[in-house]
Amino acid sequence: AFHWHLQSWVAATFPIPVALQGGTYNSDLLLRIYNRTGLIRKGLEANLLLVDGNPLKDIKQTESIQRVIFKGERIDRPDLFE
């Protein structure tokens with residue numbers, strides 16, 4: 001659902017960087033967890049989805065997740081569904 005929302009925002013003429021920020025940092029602001037996550041910065045939780053491609057050029061690249069990092073630990077994708 002997350003990817004669909006990002007793609008919908010871009011289809012509605014939101015610039016890709018704005019859509020990505022809306023789905024990451026701005027969401028953390030709304031949830032009031034911005035002091036723990038939402039940015040790549042020393043001291044914050046390392047929660048990252050690494051994708052194969054550049055989502056700033058094609059928002060659909062957010063669907064090609066290659067690696068998941070949760071709280072600084074690499075998570076194997078098959079383990080997410082167990």
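Two strands are said to pair if DSSP finds at least two bridges between them, and the elements themselves are DSSP runs, with helices (H or I) of at least four residues and strands (E) of at least two, numbered from the N terminus. This is a predicted model, in which local features need pLDDT of at least 70 and side-chain atom pairs count only at pLDDT 80 or more, whereas totals for chains, interfaces and linings use all residues. Residues are numbered from 1 along each chain as its sequence is written, and side-chain values use heavy atoms, with hydrogens and water left out.

The chain has four helices and three strands, and from the N terminus on they follow the order α-α-α-β-β-β-α. Taken along the principal axes, the C-alpha atoms fill a box of roughly 35 × 30 × 20 Å. Of the contacts (heavy atoms within 4.5 Å) in the chain with a separation of 6 or more, 30% are between residues 24 or more positions apart.

Within the strands, strand 1 (residues 48–51) pairs with strand 2 (residues 65–70) in the antiparallel sense over four bridges, and L48 has I69 of strand 2 as its bridge partner. Strand 2 is also joined, again antiparallel, to strand 3 (residues 73–75) by three bridges, and here F70 stands opposite E73 in strand 3. The hairpin of strand 2 and strand 3 has two residues between the strands, and K71 takes a positive phi near 50 degrees in it. That value is found in a residue other than glycine, and K71, which lies in the loop between these two strands, counts as exposed at 51% relative accessibility; the classes used here are buried for under 20% relative accessible area, exposed for over 50%, and partly exposed in between, with a 1.4 Å probe and protein chains only.

T13 is found in the loop between helix 1 and helix 2 and is exposed, with a relative accessible area of 69%.

Which residues of helix 2 are buried? In helix 2 (residues 16–23), they are I16, A19, L20, G22 and G23. They lie on the same side of helix 2 because they cover an arc of only 160 degrees around the axis, the arc being that of the directions from the helix axis to the C-beta atoms. An α-helix has 3.6 residues a turn, so residues three or four places apart point the same way. The cover over the buried residues of helix 2 includes helix 1 (2–11) and helix 3 (25–30).

Helix 1 also holds Q7, which is buried, with a relative accessible area of 18%. Not counting residues up to four places away in sequence, Q7 touches I59, K60 and E63.

V18, by contrast, has its place in helix 2 and is partly exposed, with a relative accessible area of 42%. Together with W9 and F14, V18 forms a nonpolar patch on the surface, with about 270 Å² of accessible area in all. Accessible areas come from the Shrake-Rupley method with a 1.4 Å probe, and for residues only the protein chains shown count as cover. Patches are made of residues with over 30% relative accessible area and no salt bridge, like charges being joined within 9 Å and nonpolar side chains (Val, Leu, Ile, Met, Phe, Trp, Tyr) within 5 Å; a salt bridge is a side-chain nitrogen of Lys or Arg within 4 Å of a carboxyl oxygen of Asp or Glu.
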